[in-house]
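Biologist: Hey, could you walk me through how some of the helices pack here? I'm new to this one.

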Amino acid sequence: MGSAGLLSGVVHTAGVLDDATVEGLSAQRLDAVFAPKADAAWYLHELTRDLPLSAFVLFSSVAGVLGNPGQGNYAAANVFLDGLAAYRRGLGLPGVSVAWGLWDTDSGMTGGLSAADVARLGRSGVAPLSVEQGLGLFDAALAGAESLVVAARWDNAGLRARAEAGGLPSILRGLVRAPRRTAATGPTPAAAAAKPAGLVERLAAMAEAEARGHLAELVRSHVAAVLAHGSAAGIDVDRSFNELGFDSLTAVELRNRLNGDTGLRLPATLVFDHPTVTALAEYLFRTLAPAAPSPEDTLRGAVERVESMLSSASGDAEAIRGKLVAIAQSAVTRFGAGLITRFGTGPNGASDAVEKLDFASDEEIFALIDDRTMTSPLRSSVERPDHGE
């Protein structure tokens, strides 16, 4: 109030949170957030525009400048405040919108933040302001000539992490030095290790049990980070995500983290479809782990590798070939035991059976194959050539 009871300044601080992902927003949730922010601010503007005010201050939020997960309605309402301050300046009226970051004191809005919420803000690069810091920034905003002032304290570690991941908003890029990548140097070692192709390759080199365990620990570590747990060891792998404290926002953050690690486009319902660490790791294993090679492909690959080694081998090549032939003949004897049984043995044993195979008709050989693959799941893929009449 001014002298003689005249109004000389307005400070609009009202705000309500009703967070939800875009899919969960409704007209009611938009109205609940817009009414105290946008509607009230406009009414104050209309009611005071003809008064000789010295200050017209709107408490906005970095959510409107940077965007916060799950706060689409709140971000939009604050952007309206930023626009209203600029509009008033254009009319020659006082107006400044202060886009506040996080305060370290409880208020009607921040008092409901969980440890996971504060940790998420920290990972985004926003650190809490002390009362002294906040009041100093408020004074600076009033004395400045800009219609929009961002009043926040930044978490450099969070900013650098976002810069390294390529997710730092352009407006913040001048605050930290992002890792420089060139064609010669390529990505940083940490970024290279995090490439989705690297994960798939590591899984391919592991035994099945080891690969499943690796994925379970990967999911577990992300769950601990999202929920702001000090250690992944405290995460029960068989406890449901709902019981661990997940909501729609933390579910989306976990999904996004796993998208980055796997290169997949996982659904937003991921934690609800696979509601424990164990179940989610099993789903990732089935999706990412390569199929086991067939016996034929394994043998063919081994033969090709031996041929490559033989071409560059030093020493007595004939002696090496002799050993390889002996091994191959032993394998043929073992694998061909069924064929010999089918055609019987003559006076010369196995060699007589092989000779019979040499003179067997195509129909006899295919009949033998049919017998050998009767119970094989690959039987349907065996096709007989058409030999005509």
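Predicted model: local features only at pLDDT ≥ 70, side-chain atom pairs only at ≥ 80, totals over all residues.

Biologist: Okay, start with H9 and H11. At what angle do their axes cross?

Modeller: Roughly 140°, and the axes come within 10 Å. H9 covers residues 208-226 and H11 covers residues 248-262.

Biologist: So what do you call that arrangement of H9 and H11?

Modeller: Oblique: angles over 145 degrees would count as roughly antiparallel, so H9 and H11 are oblique to each other.

Biologist: Is that crossing of H9 and H11 left-handed or right-handed?

Modeller: H9 passes H11 in a right-handed crossing. On the H9 side, the contact uses Leu 218, Val 219, His 222, Val 223, Ala 225 and Val 226. H11 brings Thr 250, Glu 253, Leu 254, Arg 257, Leu 258 and Asp 261.

Biologist: How do the residues of that H9 and H11 contact divide by class?

Modeller: Seven are nonpolar, two polar and three charged.

Biologist: Switching topic: how do the axes of H11 and H13 cross?

Modeller: H13 is residues 277-288, and its axis comes within 13 Å of the H11 axis, with a crossing of roughly 30°. The cut-off for roughly parallel is under 35 degrees, so H11 and H13 are roughly parallel to each other. Their crossing is right-handed.

Biologist: Which residues meet there, between H11 and H13?

Modeller: From H11 you get Leu 254, Leu 258 and Thr 262, and they meet Leu 280, Leu 284 and Leu 288 of H13.

Biologist: And how many of those in the H11 and H13 contact are charged?

Modeller: None; that contact has five nonpolar residues and one polar.

How values were computed:
Residues numbered from 1 in each chain as written. Heavy atoms only, no water. Axes fitted to C-alpha atoms, helices over the stretch in contact; angles between N-to-C directions. Helix = DSSP H or I, 4+ residues; strand = E, 2+ residues; numbered from the N terminus. Parallel < 35°, antiparallel > 145°, perpendicular 65-115°, else oblique. Left-handed = near helix turned anticlockwise from the far one by under 90°. Contact = heavy atoms within 4.5 Å. Nonpolar A, V, L, I, M, F, W, Y, C, P; charged D, E, K, R; others polar.
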